[in-house]
Amino acid sequence: MVEIKNVSLELDDKEILHNINLNIEKGKIYGLIGPNGVGKTTLIKCLTGIYKPSTGEILYDGENVYNSPRIKMKLSYVADENNFFSSFTVKDILKYYKLSYENFNENKFHKLNKIFNIPLKKHFYQLSKGMKMRVALLVALASETEYLIMDEPTSGLDPILKNKLLKLLVNEVALRQVTIIISSHHLGELERICDDVAILDGGKISYKNTLEDMKKKIKKLQIAFDSPVYEEDLNFNGIFKMTRVGRVFTIITDNFGEDLIDEIKKFKPLFIEEVDLSLEDIFIYKVEKEELDEEII
């Protein structure tokens, strides 16, 4: 289990993370999402022991990750920008990882490379951005660690390889009970594989839940009334966005259920239409601070 306890971090006298608390269970795929510049990469660098939190701690199986070679041996990290030694060939990187990780599986490396198709004799600096990401993914998966931490891992990958990677990650969890923490702006991809999701906004966790519960609880409702009804009449617990056109209301709630529907029915609506939301929809509604003008300016 990964425990993030009261983690805050200041860099250059600016607070980047504020009182982060998360528990990530073994064998889960956990998604970290949020707008640019809210601290996702910073939190990942704390999770890998690169940064030491100003306050709080990050524990893997009860042990603090910072300055712990034993815990770091259990971690693989795929950064959003991968800068191995540029003069190394891919074959040199393979040797480096074999020396660094006691469980490194060279047979798995070569088997996976039939998918990733990396020329072993190429120097790292000769590779494109997408191929550099493939190298990072390849060695991370072949290291067979207990925890896999990934920051924008599909960046630079073509759609076919993205699809194969997502299947590989799900297989890793099924076969080895590896725990995966993944940050990505490609929310459709995360929706396919994640068990749990946390939304990071302004350096804080603004929302967290299992993906299953999130999609059950967060709904869009479109409601039409015959008699006059006002916004304050429908201001029920859990409604965080509401728009109105005449007597038709569009409501976004994170407390959907029979109790909410019963409250709405007291106002005798002509109809209530329930609309399922994608993870991307949920993210936009949760993070967006103001209504967007639909006009093109």
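Phe104 is buried, at a relative accessible area of 12% (buried means under 20%, exposed over 50%, partly exposed in between; 1.4 Å probe, protein chains only). Its ring forms a tilted pair with that of Phe109, with centres 6.3 Å apart and planes at 40 degrees. Rings of Phe, Tyr and Trp (its six-membered ring) pair if their centres lie within 6.5 Å; planes under 30 degrees apart count as stacked, over 60 as edge-to-face and the rest as tilted. Phe109 is buried too, at 1% relative accessibility.

The model is predicted; local features need pLDDT of at least 70, side-chain atom pairs count only at pLDDT 80 or more, and totals for chains, interfaces and linings use all residues. Residues are numbered from 1 along each chain as its sequence is written, and side-chain values use heavy atoms, without hydrogens and water.

The count of aromatic pairs comes to 6. One of them joins Tyr97 and Phe104, tilted at 55 degrees between the planes and 6.4 Å centre to centre. Tyr97 counts as buried, with 13% relative accessibility. One aromatic cluster takes in Tyr96, Tyr97, Tyr101, Phe104 and Phe109.

Helix H3 covers residues 90–100 and helix H4 residues 106–116. Helices (H or I, at least four residues) and strands (E, at least two) are DSSP runs, numbered from the N terminus. The H3 and H4 axes come within 11 Å and cross at roughly 145 degrees. Axes are lines fitted to C-alpha atoms, for helices over the stretch in contact, and angles run from 0 to 180 degrees between N-to-C directions. Val90, Leu94 and Lys98 of H3 meet Glu106, Phe109 and His110 of H4 (contact means heavy atoms within 4.5 Å).

Two lysines sit over aromatic rings. Lys286 has its charged end over the ring of Phe240, 4.3 Å from the centre. Lys219 lies over the face of Phe256, at 5.8 Å from the ring centre. The criterion is NZ of Lys or CZ of Arg within 6 Å of the ring centre and within 35 degrees of the ring normal.

The protein holds 10 helices and 14 strands. Of its 297 residues, 45% count as buried. The C-alpha trace spans about 75 × 40 × 40 Å along its principal axes. Among contacts between residues at least 6 apart in sequence, 67% join residues at least 24 apart.
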